[in-house]
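Could you walk me through this structure in my viewer? I would like to know what to select next and what I will find there.

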Amino acid sequence: MAMFNPAHPGEILKELIIESLGLTITDVASHLGVSRKTLSKILNTHGSITPEMAVRLELAFGKPTADHWLRMQNAFDLWQTRQQKASFQVSPYNVQMA
C-alpha cells in the first residue's frame, strides 16, 4: 500500500536524529566523512540519500538501517514521480493475451 505524501528522509534525519541528539550539521557531516553542503542538501530535501550515504548513516547511528533509509527515499521519490504521471503521456497497451 502506497503512503500518501511520505516525508523526505532528510527531514526525518534532521528532526529525529540530529536535532534530538543536539548535534550540529557541521559535526555530523564531519563524522560521516561528507561535506557540510552535501548533508545540508539532504536535510533541506534538495538531495537524496544514496546507498553510500545510507551505509554511512547506518555505521554512525546504527538504526535505522541502510535498507530502511533507502526504502524511505524510494517511497518519497516514487510518490513525487507519481504526482507527475499525467505529463508522461503514456497509455496502456491494448494487447490480447493468448
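Start by selecting H8, which sits in the segment before helix 1. Keep in mind that you are looking at a predicted model. Is H8 buried or exposed? With a relative accessible area of 2%, H8 counts as buried, because the cut-off for buried is under 20%.

Now show the side chain of H8 and follow it to G10: the side chain reaches the backbone nitrogen of G10 at 2.8 Å. Setting aside neighbours within four places in sequence, H8 is in contact with I42, T45, G47, Q73 and F76.

Stay in this part of the chain and select N5, which also belongs to the segment before helix 1 (9-19). N5 is partly exposed, at 41% relative accessible area. Look at its backbone too: N5 is not a glycine, yet its phi is positive, about 45 degrees.

The phi of Q89 is about 55 degrees, and Q89 is not a glycine either. Here the relative accessible area is 75%, so Q89 is exposed.

The last stop is P64, in the loop between helix 4 (51-61) and helix 5 (66-82). Select K63 together with P64 and look at the bond joining them. Which form does the peptide bond from K63 to P64 take? This bond is cis, with omega near -5 degrees. By comparison, most peptide bonds are trans.

Notes. Residues numbered from 1 in each chain as written. Predicted model: local features only at pLDDT ≥ 70, side-chain atom pairs only at ≥ 80, totals over all residues. Heavy atoms only, no water. Helix = DSSP H or I, 4+ residues; strand = E, 2+ residues; numbered from the N terminus. Buried < 20%, exposed > 50% of the residue type's maximum accessible area, 1.4 Å probe, protein only. Polar contact = N/O pair within 3.5 Å; in protein donor to acceptor, adjacent residues only side chain to side chain. Contact = heavy atoms within 4.5 Å.
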